[in-house]
Every structure is written in structure tokens, then in C-alpha cells.
Amino acid sequence: MTRALDELLDLLDLERIEQNIFRGRSRSAVVPRVFGGQVAAQALVAAGRTVPDDRTAHSLHSYFLRMGDPGAPIVYSVDRIRDGRSFTTRRVVAVQHGQPIFHLSASFQTHEEGLEHQAAVPDAPDPESLPTAEQMLPRYADRFVDPKVVDRLLEARAAVDLRYADEPPYGTAGSPREPRSQVWFRANGTLADDPLLHVCLATYVSDMTLLDSVLLAHGRGGWAVGDVVGASLDHAMWFHRPFRADEWLLYDQESPSASGGRGLGQARIWTRDGRLAISVIQEGVVRVPR
């Protein structure tokens, strides 16, 4: 296990203050606010720690309410909404400085057998054939407003091996493309067998690139290039089948719409052997600077 992954796992290991109250820390982010994937993953950890071990997460729905302060702890308060025979529902509110910054509802289910089908697996290049972040990001240093962004991005993503199947938005800024993006990702090390941990790692990564496809449709390079500003508004995930976040996962993303200063991204996450593991939808603020 890499040091960066060890630090990320430590970040997700929340401190229990009371039976339904947990406290988390933040890590330094590329931008001066708490990374959305971090607070979503921590909130799911808090919810999961109040659920029986025989129930795994099958969905989450969340809203980002305020910018998080990376220098202050985050308190997660869990409301035990329902404990049924098959399903368990939890609501989590993340609070900083006395105000809610994030709200999550999550549902957990006991294992059941049932009907099975899935969409067709998209074509994608082999992940080992793609450049790593260390190989790719320095190529674009001259396109960023601040060249030091490269080092900050590499540090922020060191716990995860994330590889673009095609040019990222900042690689083709100024040239609109089909609003679709693919990345392969996996944790940079072997994880324990806890299913909640793998779900939370995937939740963490899911907020990194989902709005890329919105930018591609308009030839925008992103915040690091300086041609858009934005932030996540809401985030929803459905966990269909078991997976491991330390094995390659294909994140196939597209944007069906942008309007009103907002952009919508939707995606599917596939295991390397072709099983549909997760569906994801996110809307974010995407504004052109004036």
C-alpha cells in the first residue's frame, strides 16, 4: 500500500464521538475548499457504521450545501430513519462552524437473488496501455493558470491510479468534442475485504471527473485553465453489483445537458470483466467567468 492510500484510508476512518455522531478531518485539496468526494465518502462511512454488517449500500443521494473549510473538522450526525427486514435507511448531515455543508441519504440492503440484466459494456482501451497521471499531467503545465497545479493534482490523486482513455478537457481546450469521457481507476494498493470500504473509495473517486464531459461539449479546459468556474451541487449513486476498488474500474461518463449555469453528468462504472457495478449522476455549477 502506498503512503498516499494509507493517508486516505486514515481520512475515512472517522472518530466516533457519540453513538450516531462522528468526526472527520480533511486533507489539503487542489482548490481552497473540502473536496466533494471526500465529504461524500466520509458521510457514507458514518452511515455505514450504524448499519448491520449483513447489509451493503445500494444507493446514495446527496446535496452539497456550502463550501467546506479544509482547516476545520467536519461533524457527521446520523439519523436512523428506518430499519426494515430487507432495507435500512440513514440520513447524514455534515456540519462545520455550526452550519450544514452537506446532506446525504443512503440505503442499505440484505443480499437477495432476483432478476438480472445489464446494459452493453462500452468499448475502452486497456488501462495498462494508457499513460499514468505522472506521465500525462506535466505535458499540460503550460496550459494551466498556475503551473504548480500539476504538483497539487498529482498529490491530491496519489492514492488512486486514474488514467484517461482520451485527452482530458484541459488537453483540448478551445476545441469542442463529443460530451463523453472515459477514465480507468483503481486504488494505489490492496484494500481490506470490507465492502463498505470499496464503496466509499469509489464514491471518493466518482467526484473527480464526472463533469469533464460537460466541459468537453463546449471546448472548455476547466478551472485550472481558467475558462470556467464551478462546484458540485448534488450527487447520486446506485451500487448494482459487488466490486473491488483496488481492481481496475472503467468510469464511462457523458453529459446529456447543460443550461442555466448548470451541467449534468451521468456515468456507469464497470468492472474490468464487464459487470455493471455502479451508476452515477451529478449536477454542478458550470459558469463562464465574466
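Contact here means heavy atoms within 4.5 Å.

## Basis of the model

This is a predicted model, in which local features need pLDDT of at least 70, side-chain atom pairs count only at pLDDT 80 or more, and totals for chains, interfaces and linings use all residues. Residues are numbered from 1 along each chain as its sequence is written, and side-chain values use heavy atoms, with hydrogens and water left out.

Helices (H or I, at least four residues) and strands (E, at least two) are DSSP runs, numbered from the N terminus. Buried means under 20% relative accessible area, exposed over 50%, and partly exposed in between (1.4 Å probe, protein chains only).

Leu250 belongs to strand 10 (residues 249-259). Its relative accessible area is 3%, so Leu250 is buried. Setting aside neighbours within four places in sequence, Leu250 contacts Pro122, Ala124, Gln182, Val183, Trp184, Arg268, Ile269 and Trp270. Arg163 is 87 residues from Leu250 along the chain, and their C-alpha atoms are 9.7 Å apart.

Thr271 sits in strand 11 (residues 262-271). With 8% relative accessibility, Thr271 is buried. Residues up to four places away in sequence are not counted; Thr271 then touches Phe243, Trp248, Leu249 and Ala277. Between the C-alpha atoms of Thr271 and Ser62 there are 24 Å, and 209 residues separate the two along the chain.

Two packed helices are described by the angle between their axes and the distance between the axes. Axes are lines fitted to C-alpha atoms, for helices over the stretch in contact, and angles run from 0 to 180 degrees between N-to-C directions. Angles under 35 degrees count as roughly parallel, over 145 as roughly antiparallel, 65 to 115 as roughly perpendicular and the rest as oblique.

The axes of helix 1 (residues 3-12) and helix 5 come within 12 Å and cross at roughly 105°. Helix 1 is therefore roughly perpendicular to helix 5. Helix 1 brings Leu8, Leu9 and Leu12 to the contact, and helix 5 brings Leu197, Leu201 and Tyr204. Six of these contact residues are nonpolar, with no polar and no charged ones. Classes run as follows: Ala, Val, Leu, Ile, Met, Phe, Trp, Tyr, Cys and Pro are nonpolar, Asp, Glu, Lys and Arg are charged, and the others, Gly among them, are polar.

His198 is buried, at 2% relative accessibility. Beyond its neighbours within four places in sequence, His198 contacts Leu191, Ala192, Asp193, Phe243, Arg244, Ala245 and Asp246.

Gln38 lies in helix 2 (residues 36-48). Its relative accessible area is 1%, so Gln38 is buried. With neighbours within four places left aside, Gln38 contacts Leu11, Arg25, Ser26, Arg27, Ile74 and Tyr204.

## An exposed loop residue

His97 is in the loop between strand 5 (87-96) and strand 6. Its phi is near 50°, a positive value in a residue other than glycine. With a relative accessible area of 60%, His97 is exposed.

## The second largest pocket

On a 1 Å grid over the protein atoms alone, a pocket is an open set of points where a 1.4 Å probe fits, with protein on both sides within 12 Å along at least five of seven lines; lining residues have an atom within 4 Å of a point. A volume is the space filled by probe spheres set on the points.

The second largest pocket holds about 860 Å³ of space. Its lining has 25 residues, and Gln109, Phe239, His240, Arg241 and Pro242 lie nearest the centre. Strand 3 (55-64), strand 6 (99-110), helix 5 (195-209) and strand 9 (229-239) each give at least two residues to the lining. By class, the lining has nine nonpolar, nine polar and seven charged residues.
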